[in-house]
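Hi there,

Here is the structure I promised to send over. Please have a look at it first, and then read my notes below.

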Amino acid sequence: MIKAFLETAAPRGANVVLLLEIAMGIGLLLGARLARKERFRQHAWCQSAIVLLNLAVVTVMMIPSFYVYVLPGVPAKLGKAYYALATTHGAFGAVTELAGLYILLSAGTSILPEKLRITKYKVWMRTILVLWWVVLLLGMATYTRWYVPHLFRK
Ligand code: HEM
C-alpha cells in the first residue's frame, strides 16, 4: 500500500495535499464528536481551523492547478475521466468551502447582519460534513486518475 503510494507519478506537492486533506477530513469527524459531547468551544475551534486551513490549501494548490490543467479542457474534454472528475470535484469543492465559511461567519462572528445568519445550525453542519466527504472522495478519485496510471492501462 505504502509502496504503491510512493510509486505513483504524483509530484510531492500533490502527495502532501492528499495527506493533509485526509487528515482534515478525519479532523472534521472528530470535531463533530466534540459537538455531540457538548464541548462546543473546542468544536468551534477545531472546525474553524480546518475550514481556514483548507481555504489556504485550495487557494495555493488546487485553484492554480485547475486553471492550468483542467480549464483549457472544459467543456470540450469533459467526456474524459481526467477532466470530468477534476471539474465535478472543483465545483462541489467550491460550494462546500464557501458553505463552510458561511457557517463560520454566521456562528463565530457578528460580521453578517442578523437576517443573513443561519438558524438551523445542525442541519447545515451535518450537510456540509457529508458534502465535504463526497468532495474528499472525488479529490482522491482525481488523484488516482491523474497520478496512478498503471491502474488504468491494464
Ligand atoms: C472542501 C474542499 C476541497 C477538498 C476537501 C479537496 C480535496 C482534494 C484532494 C484530497 C485532492 C487530491 C490531492 C492532489 O491531487 O493534490 C484534490 C485535488 C485537486 N483539487 Fe481539490 N479539494 C477541495 C476543493 C477544491 C476546489 C474548490 C477546486 C477548484 C476549483 C479543487 C481542484 C482540485 C484540483 C485541480 C486537484 C488536482 C490538483 C493536482 O494534483 O495538481 N479542489 N482536492
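First, some ground rules. This is a predicted model, in which local features need pLDDT of at least 70 and side-chain atom pairs count only at pLDDT 80 or more, while totals for chains, interfaces and linings use all residues. Residues are numbered from 1 along each chain as its sequence is written, and side-chain values use heavy atoms, with hydrogens and water left out.

**The iron site**

Met62, through SD, and His89, through NE2, coordinate the iron atom of the ligand at 2.0 to 2.1 Å. (Donors are N, O and S atoms within 2.8 Å of the metal, or 3.2 Å for Na, K and Ca; water is not among the atoms, so sites may look incomplete.) The arrangement is octahedral because the six donor atoms around the iron atom of the ligand subtend angles of 87 to 179°. (Six donors count as octahedral if opposite donors are over 155 degrees apart and all others between 65 and 115.) For six octahedral donors, the ideal angles are 90 or 180 degrees.

Met62 belongs to helix α3 (residues 40-70) and His89 to helix α4 (residues 81-108), so the pair ties together parts that are 27 residues apart in sequence. (Helices are DSSP runs of H or I with at least four residues, numbered from the N terminus.) His89 counts as buried, at 16% relative accessibility, and Met62 is partly exposed, with a relative accessible area of 24%. (Buried means under 20% relative accessible area, exposed over 50%, and partly exposed in between, with a 1.4 Å probe and protein chains only.)

**Where α3 meets α5**

The axes of α3 and helix α5 (residues 121-147) come within 13 Å and cross at roughly 35°. (Axes are lines fitted to C-alpha atoms, for helices over the stretch in contact, and angles run from 0 to 180 degrees between N-to-C directions.) On the α3 side, His43, Ile50, Val51, Asn54, Ser65, Tyr69 and Val70 meet Met125, Trp132 and Trp146 in α5. The residues of this contact divide into seven nonpolar, three polar and no charged. (Ala, Val, Leu, Ile, Met, Phe, Trp, Tyr, Cys and Pro count as nonpolar, Asp, Glu, Lys and Arg as charged, and the others, Gly among them, as polar.)

Asn54 is buried at 6% relative accessibility. Leaving aside neighbours within four places in sequence, Asn54 is in contact with Glu21, Met24, Glu97 and Trp132. (Contact means heavy atoms within 4.5 Å.) His43 is buried too, at 12% relative accessibility; with neighbours within four places in sequence again left aside, the contacts of His43 are Gly31, Ala32, Leu34, Ala35 and Met125.

In α5 itself, Trp133 is partly exposed, with a relative accessible area of 24%. Not counting residues up to four places away in sequence, Trp133 touches Gly25, Ile26 and Leu29.

**Two spots in the backbone**

Most residues other than glycine have a negative phi, and most peptide bonds are trans. Glu38, in the loop between α2 (12-36) and α3, has a positive phi near 65°. Glu38 is exposed, with a relative accessible area of 60%. In the loop between α3 and α4 you will find Pro75, which is joined to Val74 by a cis peptide bond with omega of about 5°.

Best wishes

Methods
Tetrahedral: all angles 85-135°; square planar, octahedral: opposite > 155°, others 65-115°. Helix = DSSP H or I, 4+ residues; strand = E, 2+ residues; numbered from the N terminus.
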